[in-house]
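I opened the model to look up its strands, its core and its ligand shell. My entries follow in the order in which I made them.

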Amino acid sequence: MPVTRLYGFVDREDEMRALNDAWSARPGLVIVYGRRRVGKTRLLIEWINSLGSGVRVAYYQAVPARHEVNLRGLARALEASLGVHGLSRASFEEADALLNLALRDVGDVALVIDEFTYWVRSAPRVVGELQRFADHVLPGTKALLVLAGSLVGVMHRDVLGGGAPLYGRSLRRIRLGGLG
Ligand SMILES: Nc1ncnc2c1ncn2[C@@H]1O[C@H](COP(=O)(O)OP(=O)(O)OP(=O)(O)O)[C@@H](O)[C@H]1O
Ligand SMILES: [Mg+2]
């Protein structure tokens with residue numbers, strides 16, 4: 001997770017409240033989106049830093065690369081924050097089982113995937129995989145999954161849109177506009 005403490009955080013009260021509401025209602029799923037440089041990562045860092053010390057946070061920033069690259073990167077972030085070992089070397093089924101167990105044991109946890117739309121653009125099937133996770137794993141945990149992305153078109157079409165796997169799921173969405 002990012003540990004940097006930044007100063008001069010402006011505004012974003014509504015968005016912080018929306019994240020806190022989602023956190024109070026966990027388990028659940030939140031989508032944060034808005035154009036480049038609008039302040040998504042900064043909002044997430046401020047929110048993460050505001051969580052109590054008893055909360056585990058796995059933060060992963062996706063990259064425009066093959067599915068496996070992002071899966072491994074996410075697995076490493078999860079290993080570090082949840083204290084599970086072997087996730088990044090496990091097969092998909094093994095990793096799924098390990099993660100399932102770890103999330104049930106670990107208590108409060110924020111799972112944040114930043115730049116998620118990069119991942120979707122290079123491997124659209126990640127949305128279906130997360131749908132399965134949201135339907136079958138998340139409900140048995142005390143986790144909040146936050147997906148943030150700057151490709152607004154990709155977010156609308158492939159994540160939130162009518163034909164997208166997550167459509168109709170009880171997710172919250174936070175659209176960030178420019179400051180001031
Ligand atoms: N609420 C805020 N108050 C003060 N500075 C901010 C705020 N939000 C963002 N900034 C600053 O604006 C710059 C861009 O913000 P940030 O990196 O969070 O945007 P982003 O939406 O994540 O961009 P990208 O889509 O490129 O990842 C950073 O220097 C950040 O510190
Ligand atoms: Mg960012």
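Entry 1, strand E3. I began with strand E3, residues 108-114, where 6 of the 7 residues are buried. I call a residue buried if 20 or more other C-beta atoms lie within 10 Å of its own, exposed if 12 or fewer, and partly exposed in between, with C-beta atoms placed from the backbone. Helices (H or I, at least four residues) and strands (E, at least two) are DSSP runs, numbered from the N terminus.

Before going on I noted the conventions. This is a predicted model, in which local features need pLDDT of at least 70 and side-chain atom pairs count only at pLDDT 80 or more, while totals for chains, interfaces and linings use all residues. Residues are numbered from 1 along each chain as its sequence is written, and chains are lettered from A and ligands numbered from 1 in the order in which they are written.

Entry 2, neighbours of E3. Which strands pair with E3? I found strand E2 (residues 56-61) paired with E3 in the parallel sense over 6 bridges; two strands pair if DSSP finds at least two bridges between them. Tyr60 stands opposite Ile113 of E3. E3 also pairs with strand E4 (residues 142-149), again parallel and over 6 bridges. There, Ala110 has Leu144 in E4 as its bridge partner.

I looked up the largest nonpolar core, which has 48 residues, and Ala58, Leu78 and Val146 touch the most other members. Such a core is a set of buried Ala, Val, Leu, Ile, Met, Phe, Trp, Tyr and Cys residues joined through C-beta atoms within 7 Å. E4 gives the largest share of this core, 6 residues. Leaving out residues up to four places away in sequence, Val146 touches Val30, Val32, Leu44, Ala110, Leu111 and Val112; contact means C-beta atoms, placed from the backbone, within 7 Å.

Which residues come nearest to ligand 1? Of the 15 around ligand 1, they are Val10, Gly39, Thr41, Arg42 and Ser150. A residue counts as near if its C-beta atom, placed from the backbone, lies within 6 Å.

Entry 5, the whole chain. I noted 7 helices and 5 strands in the protein chain. From the N terminus, the elements run α-β-α-β-α-α-β-α-α-β-α-β. Buried residues make up 34% of the 180. Of the contacts between residues at least 6 apart in sequence, 77% join residues at least 24 apart. The C-alpha atoms fill a box of roughly 45 × 40 × 30 Å along the principal axes.

Conventions
Two residues are in contact if their C-beta atoms, placed from the backbone, lie within 7 Å.
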